[in-house]
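The structure I consulted is shown below.

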2 protein chains.
Amino acid sequence: MSSSLSSVYSPSGSVDAAAPGVSHGHGAAADGVLKRCRELVRPALVEAVGRLHPWTGEMAAYALGWSDAVGTPDPGGSEGKGVRQALAVLGAEAVGADGGAAVAGAVAVELVHTFSLLHDDIMDGDHLRRQRPAVWKAYGTGPAVLAGDALLALAVQYLTETPGPWTGEAVRRLGETLNALVHGQAEDLRFERRPWSGTGAVDPGQYRSMAEGKTGALLGCAIALGAVLGGAPAGSVAVLEQAGRHLGVAFQAVDDLLGIWGEPAVTGKPVHGDLRLRKKTYPILAALAGDGPAARELAVLLEAPGLLDGAAAAHAAMLVEEAGGRAAAREEARRHLDAARHGLRGVSLTRGAVEDLDALFVCLLDRSW
Amino acid sequence: MSSSLSSVYSPSGSVDAAAPGVSHGHGAAADGVLKRCRELVRPALVEAVGRLHPWTGEMAAYALGWSDAVGTPDPGGSEGKGVRQALAVLGAEAVGADGGAAVAGAVAVELVHTFSLLHDDIMDGDHLRRQRPAVWKAYGTGPAVLAGDALLALAVQYLTETPGPWTGEAVRRLGETLNALVHGQAEDLRFERRPWSGTGAVDPGQYRSMAEGKTGALLGCAIALGAVLGGAPAGSVAVLEQAGRHLGVAFQAVDDLLGIWGEPAVTGKPVHGDLRLRKKTYPILAALAGDGPAARELAVLLEAPGLLDGAAAAHAAMLVEEAGGRAAAREEARRHLDAARHGLRGVSLTRGAVEDLDALFVCLLDRSW
């Protein structure tokens, strides 16, 4: 039931197997890159979070995985990988600057990411985040709204107070990204109310556009902010930003595959979870966009009211696969990963940073699906 | 049971009765100023809100009082006075610039204000806003969180995209203000959990500091953004900002007086409402800070669990008054209004704009209390 990007990529994948970072070692390489970037950014992130009101600061530390819900430090805990801060650092390094130039941008995108997880969990009614109660479950809805607002406000303030000639441009990009992010989330929530088939149904292209806002915009912003703060010319910034956006779309497609076929032990979610919850995700929408018998049967199943039980969800998963939805989502992930990696070779960038980015891109999508 | 600032100010008030704008006509003058500023800012504000996702845009239009909860235009409706946008416009005019220079700042502060109302109503559990269901009651909590996020993101984006040499400074101030606002809201929510008396009780000074963040910061930012975008020197900006902050503290004190002694027909809230809900507001905290028998009896009453019924709330209101809380809150309002008005005379500013600001300041506090 599972494959991995490395097996897709080598030997039959569409990307040159000799591309930098694509090897059996890329997972370890990416882990090293992530760790290096987290260590570079950590002092500034800690200092920034330390500016918050003690109460919102406690919630922020919990959301960041630094402490438990009573404020006790949790060093081994549930910290995220820090993908966005790493992209910012690598964005600066890719344009020949020191990674340190990107730190303010890295802090800002990490704060924005944490804000969005906090508020999205409220909106989506998700009780768990990284195997722990979501902030709104641990602290209450009102406090979680406040903590999200505090993180967002801090992100803006932190970036605006960064000295240097590129601050204005960086802040402008952050503002644009915040809007894209919220717009994507609005689209996603509205999809829930649209029909599964017929007029008004969500087509895969609309889903991709939502994913580009909800997931791609901040990844693109992260890498672009690094490049901007590293003093890059507009052309390089645009290429790097676009690579980050493609990465986001690919990442979302993989997430959607995992939402149906992921191993519960790995994802922490029930098998066929997105089907049980009738989430409109890429594999399902792509399956429904076909007009074969499997697509029609799937639509009927999804249009019936209520939750799907385990057997019905398993049957629906089989129909999604039969109607080509799983293959389409894999192709979506592969295509956007290719585009992201291809972009990195389109402009003159620092080789080491490009290798790190490439390892990170591949590793992020190399989960079992 | 009621007095008004004009009666406080004339003839016995501490502000010169001949000060510009302090006359029986200042209410009409202020209404005219507010209307002029709303008309100046309106096209840009409509354009900005029009950039939102249609769904968040609908909620924003509802929150702004432009439409009802099904999106039907509501022209006579529940629009706010637009105090913050007016302060921005007058801030520019006060430093000799055209009010039009402040429009981007005016849009930003109005959007931030609307964001804060939306999220604060969720956190405070307030069902009504301007006599209509709050956004979270009309649309649901999740959508209201999203709409608030969208307004905040739009405010940042809108200001960052304003061309001109002062954008960076304006955005920096907005970021700082967002943090002060959220910090003030965090303090306010935390006050709820603190005791009424003894160690850990909230003293009036802490309350004032909360009000300066929650209410004063955005009023100060509004007027400062106008001045900044009008090209003012730092000294004038600082004076105007400080005047706006004082106005905010005074405004909060008046609001607190109305929360106990306001006419239900005017406030839309039950008589002695803040006492029934055991809100820690200035008059109550000032009363408790005394050590007479009324203060002690009040503390016992407030420390008992549960809501206060009508008779108990009326008795509590009497105790607050007896312990000097009402007089202290009036003095707080008067003192900060004096300071705000005094500031306007401390630097060289355009006379007409100062008269308008003065009329606005006085009018805002001239509600029956």
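Entry 1, helix packing in chain A. I looked up helix 9 (residues 204–229) of chain A and helix 13 (residues 282–289) of chain A, whose axes come within 9 Å and cross at roughly 160 degrees. Axes are lines fitted to C-alpha atoms, for helices over the stretch in contact, and angles run from 0 to 180 degrees between N-to-C directions. Helices (H or I, at least four residues) and strands (E, at least two) are DSSP runs numbered from the N terminus. Helix 9 of chain A and helix 13 of chain A are therefore roughly antiparallel; angles over 145 degrees count as such, under 35 as roughly parallel, 65 to 115 as roughly perpendicular and the rest as oblique. Their crossing is left-handed, the term for a near helix turned anticlockwise from the far one by less than a right angle, with clockwise giving right-handed. I list Pro204(A), Tyr207(A) and Arg208(A) from helix 9 of chain A, and Tyr282(A), Leu285(A), Ala286(A) and Ala289(A) from helix 13 of chain A, as the residues making the contact (heavy atoms within 4.5 Å). By class, this contact of helix 9 with helix 13 of chain A has six nonpolar, no polar and one charged residues. Ala, Val, Leu, Ile, Met, Phe, Trp, Tyr, Cys and Pro count as nonpolar, Asp, Glu, Lys and Arg as charged, and the others, Gly among them, as polar.

I note the basis of the values: this is a predicted model, in which local features need pLDDT of at least 70 and side-chain atom pairs count only at pLDDT 80 or more, while totals for chains, interfaces and linings use all residues. Residues are numbered from 1 along each chain as its sequence is written, chains are lettered from A in the order in which they are written, and side-chain values use heavy atoms, with hydrogens and water left out.

Entry 2, helix 7 of chain B. I found helix 7 (residues 141–160) of chain B packed on helix 8 (residues 167–191) of chain B at about 160 degrees, with the axes 9 Å apart. The crossing of helix 7 and helix 8 of chain B is right-handed. Their contact comprises eight nonpolar, two polar and no charged residues.

I then looked up helix 3 (residues 54–63) of chain B against helix 7 of chain B: the angle is about 90 degrees and the axes are 9 Å apart. That makes helix 3 of chain B roughly perpendicular to helix 7 of chain B. Helix 3 of chain B contributes Trp55(B), Thr56(B), Met59(B) and Ala60(B), and the residues from helix 7 of chain B include Pro143(B) and Leu151(B).

The contact takes 34 residues from chain A and 34 residues from chain B. Chain A and chain B bury about 3,000 Å² between them, 74% of it on carbon and sulfur atoms (accessible area, 1.4 Å probe, lost on putting the two parts together and summed over both). His53(A), Trp55(A) and Asn179(A) supply 19% of the area that chain A buries against chain B.

Over all chains the count comes to 38. I looked up Arg42(A) and Glu79(A), whose side chains meet at 2.9 Å, N to O.

How values were computed: A salt bridge is a side-chain nitrogen of Lys or Arg within 4 Å of a carboxyl oxygen of Asp or Glu.
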